[in-house]
Amino acid sequence: MPPAAAPAVEPPAIPPPAPAVEPPAIPPPAPAVKPPAIPVADQRFAEGMTALKEGGYERALELFSDAWQEKPGHAGVAREFDGAMLALKKNGDAAYAQGMWEEAGKRWMGTLRFINHPAANPRGYPFTQSEVRAKVDNLTAALTEKALTEYRRGEIPEAIADWKTILSYDPGNEEAARSLRTASKQLETLKKMPPGK
């Protein structure tokens, strides 16, 4: 006899889909909490510290000066100003020693610009205002003499470069400005002349 057939197995019943459930409502975002505003004086001081760390001594002094103007007596400025002044002057001396006249002049002029700032304590500096002024004056005199010698020898482009150097750190120097105008006109005239004249 043939074996009895196995009873038919019905497939399991698939439950009906669950009714759609809406996701829980997302609460509206909380209002943005603004961090407390940093006072302008503190912002300028922080920017000055960044400039100082990057070797931008004059820029640091400018920012410290802004911070001091916003908040006279700013503690950070009072603490850092003299160090920036000393570094700027020292940097000018180093530039001079390396023959970088323009950079030396700019840094010394920056030192003079800030030496009388209310945050400065010049009595504690290893230099005086008159000593720095003398360095600038001596540099200007040497560059002027060099430029005049070059000019007399017909080395007009070289003389022009020297007068431009003076004006880069001392834009109000009338003698250098006048000499530069004269030499520039002469150079233009020479360029217009036919060769061999």
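**Ring pairs and salt bridges**

Me: Phenylalanine 114: buried or exposed?
Reply: Phenylalanine 114 is buried, at a relative accessible area of 4%. Buried stands for under 20% relative accessible area, exposed for over 50%, and partly exposed for what lies in between (1.4 Å probe, protein chains only). This is a predicted model, in which local features need pLDDT of at least 70 and side-chain atom pairs count only at pLDDT 80 or more, while totals for chains, interfaces and linings use all residues. Residues are numbered from 1 along each chain as its sequence is written, and side-chain values use heavy atoms, with hydrogens and water left out.

Me: How many aromatic pairs are there in the whole structure?
Reply: The search finds 6 aromatic pairs. The rings of Phe, Tyr and Trp (its six-membered ring) pair if their centres lie within 6.5 Å; planes under 30 degrees apart are stacked, over 60 edge-to-face, and the rest tilted.

Me: Which residue forms an aromatic pair with phenylalanine 114?
Reply: Its partner is phenylalanine 81, in an edge-to-face arrangement with 6.4 Å centre to centre and 70° between the planes. Phenylalanine 81 sits in helix H3 (residues 75-97) and phenylalanine 114 in helix H4 (residues 101-114), so the contact ties together parts 33 residues apart in sequence. Helices here are DSSP runs (H or I, at least four residues), numbered from the N terminus. Phenylalanine 81 is buried too, with a relative accessible area of 0%.

Me: And the rings of tyrosine 96 and tryptophan 108, how are their planes placed?
Reply: That pair is tilted, because the planes stand at 35°, with the ring centres 5.5 Å apart. Tyrosine 96 belongs to helix H3 and tryptophan 108 to helix H4, 12 residues apart, and the pair links distant parts of the chain. Tyrosine 96 is partly exposed at 39% relative accessibility, whereas tryptophan 108 is buried at 1%.

Me: Which residues do ring pairs link into a cluster?
Reply: The cluster consists of Tyr96, Trp101 and Trp108.

Me: Changing topic: how many salt bridges does the structure hold?
Reply: It holds 13. A salt bridge is a side-chain nitrogen of Lys or Arg within 4 Å of a carboxyl oxygen of Asp or Glu.

Me: What does lysine 146 meet in a salt bridge?
Reply: One partner is glutamate 150, at 3.0 Å from N to O. Both residues are in helix H5 (residues 129-152), 4 residues apart, which means about one helical turn separates them. Lysine 146 is partly exposed at 39% relative accessibility, but glutamate 150 is buried at 7%. Aspartate 162 also forms a salt bridge with lysine 146, with the closest N and O atoms 3.2 Å apart. Aspartate 162 lies in helix H6 (residues 156-169) and lysine 146 in helix H5, so this bridge ties together parts 16 residues apart in sequence. Aspartate 162 is buried, at 7% relative accessibility.

Me: Which residues do salt bridges that share partners join into one network?
Reply: Glu58, Arg59, Glu62 and Arg113 make up that network. Within it, the side chains of arginine 59 and glutamate 62 meet at 3.2 Å, N to O. They are 3 residues apart in helix H2 (residues 57-70), about one helical turn. Glutamate 62 is partly exposed with a relative accessible area of 22%, and arginine 59 is partly exposed at 45%.

Note on methods: Helices (H or I, at least four residues) and strands (E, at least two) are DSSP runs, numbered from the N terminus.
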